[in-house]
Amino acid sequence: MGSGTVDHDEMRQQLFGRIDAIADQLEADIDLGVRLRHLPPATVASLWSAGLTQLKVPAELGGFEVEPPLQYEVFERVAHHSIAAAWCLFIYADTAGMIGARLPDAGLAQLLAGGQMPICCGGGGLRPGALSPVEGGLELNGHWRYGSGIEGANWVMVTGFLPGESGQGRGGHGQVLSCVVPKASLEVQDTWHVHGLEATGSNDFSAHGLFVPAEMTFNPGAPPRRGGRQYRTGIVGYLAYTVPAVCGAVARRCLDELAQRAGGLARGYAKPSALAQRGAFQSFLGQADMELRAARALMLADGQDLMDSVGQPGLDLRARDGQARAAAAYATKVACDVLRGVARFSGGDAMRTGTFLEQALRDVTMAASHLLMSEVAFDNHAQFLLGLPGADPMA
């Protein structure tokens with residue numbers, strides 16, 4: 001499965017073929033996922049058997065080690081068929097890639113006992129649990145939110161704070177560690193009762209006195225043990241190309257479907273005419289098409305630029321992370337704006353429960369509330385451009 005010497009175009013076609021082979025299953029499971037409030041087992045199995053959960057796993061571990069531009073295209077193509085599947089896929093891929101690049105060899109051997117990186121997810125990274133030293137490792141206690149895809153995961157990556165000798169809490173000395181624990185060792189709460197992204201199963205989860213062997217922990221800010229340049233960006237750069245890929249793909253599908261139907265949709269009262277013949281719609285369609293194309297081109301170019309920036313002497317990767325976050329926030333905002341326009345011109349019939357557009361509006365609205373997509377990203381980017389002290393891509 002590893003990338004080896006496979007070139008970019010060949011890898012792209014291979015991954016697209018794998019997605020196309022499971023597309024029918026992804027679409028067939030959409031309604032079931034909404035009812036279950038998590039991805040159906042058949043969808044999870046399809047993503048796993050297609051190897052897509054290995055998208056960001058280092059090549060030396062048998063993964064694809066795909067860089068941001070192609071990652072973006074893969075998440076787009078999955079989202080075209082199932083928004084929730086694409087959302088959970090990028091959680092699985094991000095987490096497995098991070099674990100594969102940084103977990104110590106002894107811990108990694110446990111995960112790879114079956115020959116392939118298992119399905120891993122994570123959540124609540126900004127609110128670490130509490131770690132305390134015990135013989136052979138650490139004890140973990142904590143409560144985390146937004147465990148997207150946790151129902152289908154085998155392992156979960158969470159963060160915990162380990163106080164130092166002179167520190168008794170977050171305000172003292174210590175360090176944040178990533179801990180990789182079996183999903184079965186966690187208590188998953190039924191908290192995901194929402195009106196968007198229902199099928200992602202992003203429930204809360206807790207650990208109570210959980211023993212974590214030392215080899216199942218790592219410093220998330222330390223240099224990677226394995227893999228290439230994508231693991232050497234900041235955390236924002238590593239994660240930034242996922243949400244806009246999903247939102248942009250969904251907006252593109254909805255816009256294209258409306259354009260195809262526009263000739264048969266009548267609008268107006270006294271003198272109805274086809275939507276396709278109305279100037280207001282033509283103006284919207286032309287502008288929306290350009291906006292989606294521009295936002296997509298920005299994300300692909302930014303992802304490549306990020307990779308080319310890694311290792312450049314004197315480059316502030318924090319500023320580069322801020323740029324990636326701002327690009328992602330912009331592309332996501334464009335997708336939301338286009339979807340609202342599609343809904344306005346589609347009329348009531350297209351918004352009936354169960355249509356793709358109705359689901360898309362709810363899911364993309366929820367997706368746009370992700371912390372990384374906050375409009376604060378533009379403030380942060382501007383602060384780096386201005387050279388202001390205290391600029392932070394994660395503010």
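1. Leu-386 lies in helix H12, which spans residues 376-386; helices (H or I, at least four residues) and strands (E, at least two) are DSSP runs, numbered from the N terminus. Residues are numbered from 1 along each chain as its sequence is written, and the model is predicted, with local features needing pLDDT of at least 70, side-chain atom pairs counting only at pLDDT 80 or more, and totals for chains, interfaces and linings using all residues. Side-chain values use heavy atoms, with hydrogens and water left out.

2. Is Leu-386 buried or exposed? Its relative accessibility is 63%, so Leu-386 counts as exposed (buried is under 20% relative accessible area, exposed over 50%, partly exposed in between, with a 1.4 Å probe and protein chains only). Leu-385 and Leu-386 are exposed residues on the face of H12 turned away from its buried side.

3. Leu-385, Leu-386 and Leu-388 make up a nonpolar surface patch with about 340 Å² of accessible area together. Patches are made of residues with over 30% relative accessible area and no salt bridge, with like charges joined within 9 Å and nonpolar side chains (Val, Leu, Ile, Met, Phe, Trp, Tyr) within 5 Å. Areas come from the Shrake-Rupley method with a 1.4 Å probe, and for residues only the protein chains shown count as cover. Gly-387, which follows H12, has a positive phi, near 70°.

4. The buried residues in H12 are Ala-377, Asn-380 and Phe-384. They lie on the same side of H12 because they cover an arc of only 65° around the axis, the arc being that of the directions from the helix axis to the C-beta atoms. What do the buried residues of H12 pack against? They pack against helix H10 (317-346).

5. The structure holds 20 salt bridges, each a side-chain nitrogen of Lys or Arg within 4 Å of a carboxyl oxygen of Asp or Glu. One of them joins the side chains of Asp-190 and Arg-37, at 2.8 Å, N to O. These two residues are 153 residues apart and link distant parts of the chain: Asp-190 is in the loop between strand S6 (187-188) and strand S7 (203-213), and Arg-37 is in the loop between helix H2 (30-36) and helix H3 (41-49). Arg-37 has a relative accessible area of 23% and is partly exposed.

6. Arg-296 and Glu-76 also form a salt bridge, with their closest N and O atoms 2.7 Å apart. This pair again links distant parts of the chain, 220 residues apart, with Arg-296 in helix H9 (residues 279-309) and Glu-76 in helix H4 (residues 68-81). Arg-296, at 31% relative accessibility, is partly exposed, whereas Glu-76 is buried at 13%.

7. Asp-289 is buried at 17% relative accessibility, and Arg-293 is exposed at 51%. Elsewhere, salt bridges with shared partners join Arg-12, Glu-73, Glu-76 and Arg-296 into one network.

8. Two further residues of H4 are worth noting. Glu-73 lies in this helix and is buried, with a relative accessible area of 9%. Leaving out residues up to four places away in sequence, Glu-73 touches His-8, Arg-12, Phe-16, Arg-296 and Leu-300, contact meaning heavy atoms within 4.5 Å. His-81 is also found in H4 and is buried at 13%.

9. In the loop between S6 and S7 sits Gly-196, which is buried, at 1% relative accessibility. Neighbours within four places in sequence aside, Gly-196 is in contact with Arg-362, Asp-363 and Met-366.

10. The largest nonpolar core has 116 residues, of which Leu-15, Leu-52, Leu-111, Val-180, Val-250 and Leu-339 touch the most other members. Helix H5 (residues 83-102) supplies the largest share of this core, 15 residues. Such a core is a set of buried Ala, Val, Leu, Ile, Met, Phe, Trp, Tyr and Cys residues joined through side-chain atoms within 4.5 Å. Not counting residues up to four places away in sequence, Leu-111 touches Ile-99, Leu-103, Gln-116, Met-117, Pro-118, Cys-120, Trp-155, Val-180 and Met-216.
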